[in-house]
Amino acid sequence: MTDLIATLEGLTSPSREVDEAMRIHFKYPPKPWNYTASLDAITALVERVLPDALWDIGKGGVAKLLPNIFSRHIEVVTAATPAIALCIALIRALEARDGKA
């Protein structure tokens, strides 16, 4: 997932190729979705893979994600868009949860 994070961090705008890479990685949904462009799409994915997560979107491409209310770590990410930032925060949270961070 580290390669996917690096790719997301390098984006200056939404990317269909990265959306497809995320769809393949998460095996969801069956058709391509605009994770890097759509807050609706990425929040649906967050709710699917981290159902207890709390998240917030701020100005300037900032996203915050708390994996669950018992977590001691919050992901705070700034990226080109809030949707891209939330993509990065989700993957980082999953890596931290799985001990890969």
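The legends below walk through a predicted model, beginning with the whole protein and moving on to several close-ups. Local features are described where pLDDT is at least 70, side-chain atom pairs count only at pLDDT 80 or more, and totals for chains, interfaces and linings use all residues. Residues are numbered from 1 along each chain as its sequence is written, and side-chain values use heavy atoms, with hydrogens and water left out.

Figure 1. Along the principal axes, the C-alpha atoms fill a box of roughly 35 × 30 × 25 Å.

**Figure 2. The surface and the interior of the protein can be described with a few totals.** Buried residues make up 43% of the 101 residues; buried means under 20% relative accessible area, exposed over 50%, and partly exposed in between (1.4 Å probe, protein chains only). The accessible surface comes to about 5800 Å², and 53% of that belongs to carbon and sulfur atoms. These areas come from the Shrake-Rupley method with a 1.4 Å probe, and for residues only the protein chains shown count as cover. Of the contacts with a separation of 6 or more, 38% are between residues 24 or more positions apart, where contact means heavy atoms within 4.5 Å.

**Figure 3. Helix α3 spans residues 39-49 and has several buried residues.** Those buried in this helix are A41, I42, T43, L45 and V46. What lies over them? The cover includes α2 (16-26), β1 (54-58), β2 (62-66) and α4 (82-97). At the start of α3, a side-chain oxygen of S38 comes to within 3.2 Å of the backbone nitrogen of D40.

**Figure 4. E9, in helix α1 (residues 2-10), has partners elsewhere in the sequence.** With 44% relative accessibility, E9 counts as partly exposed. Setting aside residues up to four places away in sequence, E9 touches I88 and R92. The side chains of E9 and R92 make a polar contact at 2.4 Å. A polar contact is a pair of N or O atoms within 3.5 Å; within protein, one must be able to donate a hydrogen and the other to accept it, and residues adjacent in sequence count only if both atoms are side-chain atoms. E9 and T78 are 69 residues apart in sequence, and their C-alpha atoms are 8.9 Å apart in space.

**Figure 5. The loop between α2 and α3 holds K27 and P29.** K27 has a positive phi of about 55° although it is not a glycine. K27 is also exposed, with a relative accessible area of 71%.

**Figure 6. A80 sits in the loop between β3 (75-78) and α4.** Which residues does A80 contact, leaving aside its neighbours within four places in sequence? They are L11, T12 and S13. The C-alpha atoms of A80 and G10 are separated by 8.8 Å, although these residues are 70 residues apart along the chain. A80 is partly exposed, with a relative accessible area of 44%.

**Figure 7. R72 belongs to the loop between β2 and β3.** Is R72 buried or exposed? R72 is exposed, with a relative accessible area of 87%. From R72 to A53 the distance is 12 Å, C-alpha to C-alpha, and the two are 19 residues apart in sequence.

Technical notes: Helix = DSSP H or I, 4+ residues; strand = E, 2+ residues; numbered from the N terminus.
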